[in-house]
Amino acid sequence: MLQLSEEIRNAKTIGIGGHIRPDGDCVGSCMALYLYLKKCMPSDAEIAVYFEKPSDIFNTIKDISEIRTEAEEGKQFDLFFVLDCEGSRLGFAEKLFRQAKKKINIDHHISSNGCGDLNYVDANASSTSELVYDLLEKEWIDEEIAKALYIGIIHDTGVFQYSNTSPKTLRIAADLVSYGFDFSALIEKTFYEKTYLQNQIMGRALLESIMFLDGRCIVSCLDRKVMQFYNVTAADLDGIVSHLRNIRDVECAIFMYETDILEYKVSMRSTDKVDVARIASFFGGGGHKKAAGCTMSGTFHDVVNNLSVHIEKQLNEEEN
Ligand code: AMP
Ligand code: MN
Ligand code: MN
């Protein structure tokens, strides 16, 4: 296993990058590693963390205001960590990753091949936060680091509901809550609570959803005009796809929103019967067996037709 203390020992500058449209696991794992390195590295070491400005719900994480949302020109880190994604999903921070002297990739996506010189990639892990926990020396963990990791784990496991939750995940969570933060409030505030507008847009998406393949699939789509009408951004759409998946008899749910003219960000959630990571990877995205995403071009109908061929094939294979 990757020995974190060995790797950071001789680095004077360390960068950390997370994926575009950062989710709870991305924010939690990056910030936990950032707080940890700031604590255990000598004071003259430079530690920096890069990802897009996340949702305000993550403002409870210590030093979240220190994230860098732009990459400095020509900067070369001694060590660069890529968390919860591959280098190609880093967005603006990708050039920092490419230029770094040494790269370490920590990820749990089944579609990930490991983009670092060193990789700690485990598709059986619930979250990247769980993998970061594995690597940290426990005596340096404090309440703020524990809280960041806990946020990452609850977001990627749907508060320990999804099948990626293992006994190990729960043991780690038990250790993390022992640091004393208010986990109940954290779950409520960062996972379940939604604004009125977020609820309205969710209602609209559910209302306009369409079943197909005999009710085994459901799709809903929001175009930019509707998003503008409700004054919402992509970050306000979290949770819609899992609501669609919760509908009885649905094996595969698709939620998509317009990102550009004839371009959609597609999210898919499934049961055991459909491997959506395979489908998303086919269209240039990735993810996990039961939760994956990609960006697709064409009209709404083009996208649904293209996806449904793959879904139907898998459902038929499953039956035969
Ligand atoms: P989402 O539907 O965006 O919530 O993503 C579901 C899962 O698939 C998450 O673990 C994402 O990190 C992953 N994912 C989403 N989009 C992509 C993509 N374009 N490439 C690789 N992984 C993705
Ligand atoms: Mn993520
Ligand atoms: Mn993740």
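User: Taking strands as DSSP runs of E, at least two residues, numbered from the N terminus, which one gives the largest share of the shell around ligand 1?

Analyst: β11, with four residues. Bear in mind that this is a predicted model.

User: Which strands supply at least two shell residues each?

Analyst: β9 (263–270), β10 (286–287) and β11 (291–297).

User: And which residues come nearest to the ligand?

Analyst: His-109, Lys-265, Ser-267, Arg-269 and His-288, out of 13 residues around ligand 1.

User: What's the shell like by class?

Analyst: Seven residues are polar, three are nonpolar and three are charged.

User: How far are the ligand oxygens from the side-chain N or O atoms of Ser-267, His-288 and Arg-89?

Analyst: For Ser-267 the distance from a ligand 1 oxygen is 2.6 Å. For His-288 the corresponding value is 3.0 Å, and for Arg-89 it is 3.1 Å.

User: How much of the ligand's accessible area does the protein cover?

Analyst: Ligand 1 has 470 Å² on its own, and the protein covers 80% of that.

User: Switching to helices. At what angle do α4 and α5 pack?

Analyst: About 145 degrees, and their axes are 7 Å apart. α4 spans residues 128–135 and α5 spans 143–157.

User: Which residues meet there?

Analyst: From α4, Ser-129, Glu-130, Val-132 and Tyr-133; from α5, Leu-149, Gly-152 and Ile-153. By class, that contact has four nonpolar residues, two polar and one charged.

Notes. Residues numbered from 1 in each chain as written. Chains lettered and ligands numbered in written order. Predicted model: local features only at pLDDT ≥ 70, side-chain atom pairs only at ≥ 80, totals over all residues. Heavy atoms only, no water. Near = heavy atom within 4 Å. Polar contact = N/O pair within 3.5 Å; in protein donor to acceptor, adjacent residues only side chain to side chain. Areas by Shrake-Rupley, 256 points an atom, 1.4 Å probe, with all protein chains shown as cover. Nonpolar A, V, L, I, M, F, W, Y, C, P; charged D, E, K, R; others polar. Axes fitted to C-alpha atoms, helices over the stretch in contact; angles between N-to-C directions. Contact = heavy atoms within 4.5 Å.
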